[in-house]
Structures are given as structure tokens and as C-alpha cells.
Amino acid sequence: MALTGRTALLAALGAIPIGILAPNWSGVLALNAPLTLAILCDYAMAAPVQKLRFTRTGDTSVRLGDGAEITLTITNPSRRHLRAQVRDAWPPSSWPTGSEQAASRHKLTIPAGERRRLTTLLRPTRRGDRHAERITIRSYGPLGLAARQGSHRVPWTVRVLPPFGSRKHLPSKLARLRELDGRTSVLTRGEGTEFDSLRDYIPGDDTRSIDWRATARQNTVAVRTWRPERDRHILLVLDTGRTSAGRVGDVPRLDASMDAVLLLAALASRAGDRVDLLAYDRRIRAQVQGRTAGDVLPALVNALAPLEPTLVETDARGLSAAALKNAPRRSLIVLLTSLEAAPVEEGILPVLPQLTQRHTVLVASVADPRIKEMATARGTVDAVYEAAAATQAQEQRRRTAEKLTRHGVTVVDATPDDLAPALADAYLALKAAGRL
């Protein structure tokens with residue numbers, strides 16, 4: 001039972017019937033004046049809630065799937081002992097379903113003039129910014145018969161970052177990069193590579209790499225070694241339009257693309273290349289430019305965290321113009337979008353010549369693993385129909401990819417779990433071939 005200050009005063013003065021104050025207690029209070037007096041006294045002795053002071057400390061960012069601790073310090077400046085229940089409210093997606101009540105509610109006591117800390121543990125289930133909502137305090141009297149209640153707002157924001165699950169693939173991709181960089185016995189040659197040094201010929205080496213002048217000056221055959229050029233420009237373009245909103249398995253297409261972007265950015269920055277980001281549908285939704293190798297990954301993670309798909313068709317011409325503006329010199333443009341026939345044929349294909357004329361273009365798309373499962377299903381009439389539909393969908397994606405390939409575009413079409421490593425492999429292959 002909770003009585004407001006005005007209601008309790010009116011009750012004490014007999015201005016309104018007790019039955020209106022507390023319907024569940026009306027019969028008891030009408031016959032028991034001492035109990036009525038006890039309740040009113042208990043209410044009067046409860047610590048006031050409006051005078052309480054609050055401060056917050058704790059985490060301001062957390063990766064999706066991890067926990068964030070937010071500490072709330074409550075100071076009781078009154079002369080009364082505070083016995084309270086506290087609800088520290090946050091948006092529903094701040095916890096897994098069903099765990100909000102246990103995580104956000106606390107009991108505490110604070111003697112007069114002292115302060116106490118309580119900790120709320122958040123486990124967000126979605127990316128983006130989570131803003132603290134109301135703090136509701138219910139202050140009980142010493143008998144627990146009545147309580148004062150009030151709310152306060154203490155702002156705090158926790159940014160929920162992409163989980164970057166594909167970082168587990170980074171060591172193996174860096175090992176391959178070291179091979180390309182000439183740090184092991186596997187060396188590469190291509191039109192875009194730089195001369196590194198000379199070494200003795202090993203059976204299996206490309207004979208075109210033999211340096212005949214150096215060989216003539218020594219007793220062994222000398223071979224030129226090459227390393228991929230550094231300081232190339234990589235522009236990562238995320239399509240945030242309608243097609244990025246669909247879910248593939250348990251993962252939104254946009255989130256799978258983000259994971260691939262982060263792995264490629266981490267790899268490219270370690271390779272000495274410069275990485276920029278552009279997220280676009282009908283306007284620029286996020287942009288990262290001119291960051292150093294050490295700063296680019298944190299900047300990308302922070303820019304991607306609040307990014308959400310928009311339910312509009314992407315303006316391909318606007319996207320192309322924005323990409324060209326952000327890539328003034330020869331670059332690798334990595335476009336993460338859908339391979340659906342209509343958006344590609346009506347949107348991307350008409351603007352491809354503008355991009356491929358000056359840049360190397362790589363298109364990456366998230367494939368649905370369920371389609372592959374359906375294509376192999378047999379045994380029932382429904383399964384056969386599903387297999388036919390899945391095969392038709394696969395064939396359509398293959399034809400769309402072929403159209404892009406004929407324009408000189410490298411295409412990566414992989415499931416959410418495989419997209420990030422497949423895109424990293426495509427980048428390394430282009431680097432090895434000297435196409436960057």
C-alpha cells in the first residue's frame with residue numbers, strides 16, 4: 001500500500017473516506033482507528049524520495065553478447081532511514097527475455113546522511129545505443145505498512161557494439177598475408193607488386209623471376225622476390241537499404257555484412273592499406289575516413305554500432321556517386337549488397353561502368369544456408385517442391401553473379417558464417433595477383 005503526501009494528509013484530517021484511500025483495507029480501517037493511525041505514522045516516517053540524489057558510473061560500451069555493469073550511487077540527505085525498493089529501468093533489449101525483473105530491481109537501506117551503491121548488469125540483445133530510463137524508488141516506513149513512491153531520471157548511455165565474431169579467422173589470414181609480404185619462403189609476383197630482394201633459386205620458382213645479371217656475377221642462380229604494394233586504398237561500401245533488413249538464419253543480413261567488414265578492415269590495415277567506410281541507401285548513414293591503421297578498427301566498430309537498415313530501395317546512382325567521391329584515386333571498392341536479380345539489374349549494373357573504369361570492384365553478398373539445405377531435400381512431395389524452388393533461386397543468384405563477373409567484378413557469395421573469411425580470401429587473392 002502506498003499513500004501520496006496529499007492523500008495521507010486528507011485522510012488524517014478526515015476530508016475523504018478511508019475506503020477511497022485503500023479499497024482493500026476499507027473494512028479494517030473503518031473499525032480500527034489505531035491501525036489507521038499506525039499506517040499514517042508509518043507513511044510519515046518513510047524517508048522522502050524526491051530529495052534523494054543519484055549519480056551513475058560504469059561501462060559506456062559493450063560488445064553484443066557481453067555484459068555491462070552500471071553502478072548507481074544513491075545519497076540519502078534526509079534525517080530518516082531509507083528502506084526502499086529500487087527499479088533501474090532500461091529498454092527491454094537490455095536483457096535477454098524474461099530476465100529484466102531480476103536484473104533491474106534492488107532492495108537497499110541507507111541510513112540518514114549516507115549513501116549506497118547498487119549495480120545493474122546489462123546483457124543487451126541488440127546493437128545500438130541503450131539509454132537509461134526512469135529510476136523508481138518506493139520508500140517504506142519502519143513498519144512496512146505504507147510507502148512513498150517517486151521517479152527520477154539519471155541519464156546514461158551504453159553503446160552496444162557489433163560482436164566481431166569473425167576475429168577468430170584473423171590469425172590465419174595474417175599468416176597468409178605474411179606469405180604474400182615476402183616474410184616466408186612463399187613469394188608472389190604480379191604487375192602491382194614491388195621488388196623486394198634477391199635470393200637463391202629454389203626448384204619450383206617461376207623462371208621469369210630469375211635475375212640473369214645477378215646470376216652472371218655469382219655461382220648460383222639468383223631470383224627476384226616481390227611483395228605486394230602497400231598503402232592501397234580500400235573503400236568498404238555497406239548497402240543499408242531494403243535488402244539488408246532481411247534475416248538469414250538467425251542473423252540480419254546487415255549484421256553479417258558488418259562482421260565481414262570488420263575482418264577485412266583488420267586484415268587490410270595490417271597489410272599497410274588505408275581503409276574507409278561508407279554506409280548508404282538514399283543518403284549517407286555512416287562514414288569513416290582518413291583513420292590511421294591503429295585507429296581504423298575502433299572507429300569502424302563505433303560507426304557501425306547504431307547502424308540500422310532502412311526499408312527503402314537503395315539509390316544505386318547516389319551510391320555510385322558517393323563511392324566515387326570517397327575514392328578519388330584508384331581503389332578497391334568492396335560493395336556489400338544483395339544478389340537479388342531486380343536490385344542488381346536495375347540498380348547496380350547500369351552504374352558499374354563508372355566504378356570499374358577507374359577502380360577494382362568486389363561485390364559480396366550474404367547467401368541463405370537454408371536454400372542450400374532445401375536444394376538437397378528429398379523423400380516427400382513437399383520436399384521435392386522445396387528442392388525445385390531452392391534450385392531455381394540458386395540458379396538465379398548464379399546468373400546474377402555471372403553478369404557482374406562479365407563487367408570485371410569479383411563476386412563473393414557466402415553464408416553468414418563463411419562470408420567474412422571468404423571476403424578476406426578474395427582480398428588476399430587480388431593482392432597476390434597485383435590487382436590492387
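Close-up 1. Arginine 176 and glutamate 179 both belong to helix α6 (residues 170-180), where they stand 3 residues apart, about one turn of the helix. Helices here are DSSP runs of H or I with at least four residues, strands are runs of E with at least two, and both are numbered from the N terminus. The two side chains meet in a salt bridge at 3.0 Å, N to O, a term that stands for a side-chain nitrogen of Lys or Arg within 4 Å of a carboxyl oxygen of Asp or Glu. Arginine 176 counts as partly exposed at 33% relative accessibility, and glutamate 179 is partly exposed as well, with a relative accessible area of 27%; buried means under 20% relative accessible area, exposed means over 50%, and partly exposed lies in between (1.4 Å probe, protein chains only).

This is a predicted model, in which local features need pLDDT of at least 70 and side-chain atom pairs count only at pLDDT 80 or more, while totals for chains, interfaces and linings use all residues. Residues are numbered from 1 along each chain as its sequence is written, and side-chain values use heavy atoms, with hydrogens and water left out.

**Close-up 2. Salt bridges between separate parts of the chain.** The structure holds 17 salt bridges, one of which joins the side chains of arginine 127 and aspartate 255 at 3.1 Å, N to O. Arginine 127 lies in the loop between β6 (115-122) and β7 (128-131) and aspartate 255 in helix α8 (residues 253-270), so this pair ties together parts that are 128 residues apart in sequence. With 5% relative accessibility, arginine 127 counts as buried. Another salt bridge brings together the side chains of aspartate 129 and arginine 159 at 2.7 Å, N to O. Because aspartate 129 lies in strand β7 and arginine 159 in strand β10 (residues 157-161), the pair ties together parts that are 30 residues apart in sequence. Aspartate 129 is partly exposed, with a relative accessible area of 27%.

**Close-up 3. The surroundings of arginine 56.** Arginine 56 is placed in strand β1 (residues 53-58) and, at 8% relative accessibility, counts as buried. Leaving aside residues up to four places away in sequence, the residues that arginine 56 touches include Trp90, Ala132, Glu133 and Trp156, where contact means heavy atoms within 4.5 Å. The side chains of arginine 56 and aspartate 88 are joined by a polar contact of 2.8 Å; such a contact is a pair of N or O atoms within 3.5 Å, and within protein one must be able to donate a hydrogen and the other to accept it, while residues adjacent in sequence count only if both atoms are side-chain atoms. A polar atom of the arginine 56 side chain also lies 2.8 Å from the backbone oxygen of valine 154. Between the C-alpha atoms of arginine 56 and threonine 71, which are 15 residues apart along the chain, the separation is 5.7 Å.

**Close-up 4. Helix α10 and its packing partners.** In helix α10 (residues 316-326), the buried residues include Ala316, Leu319, Ala322 and Asn326. The buried residues of α10 pack against β13 (233-239), β16 (274-280), β17 (284-288), β18 (332-336) and α11. At the start of α10, a side-chain oxygen of aspartate 315 reaches to within 3.3 Å of the backbone nitrogen of arginine 317.
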